[in-house]
Amino acid sequence: MSEINFTSPREAARAFTPDLSEFVDTTLYPRFWADPALSPRDRSLITIAVLIAGGHADELPAHLRRAVANGVSREEIATAITHLAFYAGFPAAITASAIANTTLNQTETV
């Protein structure tokens with residue numbers, strides 16, 4: 001059996017659980033991310049914080065890129081990660097910092 005490499009956790013999930021991916025595509029993004037009660041920028045900061053606190057490193061790069069697209073600066077991301085060290089733990093913040101550094105540096109060179 002050949003190994004299939006996916007470029008993102010979401011792509012791998014789509015292949016294994018298409019119903020879950022459809023739910024995300026038809027409910028999460030069009031309904032909740034589009035709700036004007038919170039801006040996409042604020043939702044991005046909240047999402048990044050929850051991913052860091054929950055230790056969901058695989059999802060973090062995509063949401064870091066989305067945060068930048070939604071107007072969150074690198075400085076704000078760095079400050080949020082530092083702030084989270086006191087609430088989510090230093091290991092979570094250090095891991096997130098390394099992921100952010102790699103992800104955002106890759107984004108700049110593309």
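1. A residue is called buried under 20% relative accessible area and exposed over 50%, with partly exposed in between. Arg41, at 25% relative accessibility, therefore counts as partly exposed. The structure discussed here is a predicted model.

2. Arg41 takes part in a network of salt bridges together with Asp42 and Glu76. Side chains of opposite charge can pair when their charged atoms come close. The side chains of Glu76 and Arg41 meet at 2.3 Å, N to O. Glu76 belongs to helix H5 (residues 74–88) and Arg41 to helix H3 (residues 40–54), so this pair ties together parts that are 35 residues apart in sequence. The salt bridge between Asp42 and Arg41 has an N to O distance of 3.8 Å. Asp42 is partly exposed at 34%, and Glu76 is partly exposed at 30%.

3. The whole structure contains three salt bridges according to the search. One of them joins the side chains of Asp25 and Arg14, at 2.8 Å, N to O. Asp25 lies in helix H2 (residues 18–33) and Arg14 in helix H1 (residues 9–16), so the pair connects parts 11 residues apart in sequence. Both are partly exposed: Asp25 has a relative accessibility of 31% and Arg14 one of 36%.

4. The search of the whole structure also finds two aromatic pairs. One of these is formed by Phe86 and Phe90, which are arranged edge-to-face, with 5.5 Å from centre to centre and 70° between the planes. Phe86 is exposed, at 63%, whereas Phe90 is partly exposed, at 48%.

5. A further contact involves a charge and a ring: the charged end of Arg66 sits over the ring of Trp33, 5.0 Å from its centre.

Key:
Residues numbered from 1 in each chain as written. Predicted model: local features only at pLDDT ≥ 70, side-chain atom pairs only at ≥ 80, totals over all residues. Heavy atoms only, no water. Phe/Tyr/Trp six-rings, centres within 6.5 Å; stacked < 30°, edge-to-face > 60°. Buried < 20%, exposed > 50% of the residue type's maximum accessible area, 1.4 Å probe, protein only. Lys NZ or Arg CZ within 6 Å of the ring centre and 35° of its normal. Salt bridge = Lys/Arg side-chain N within 4 Å of Asp/Glu carboxyl O. Helix = DSSP H or I, 4+ residues; strand = E, 2+ residues; numbered from the N terminus.
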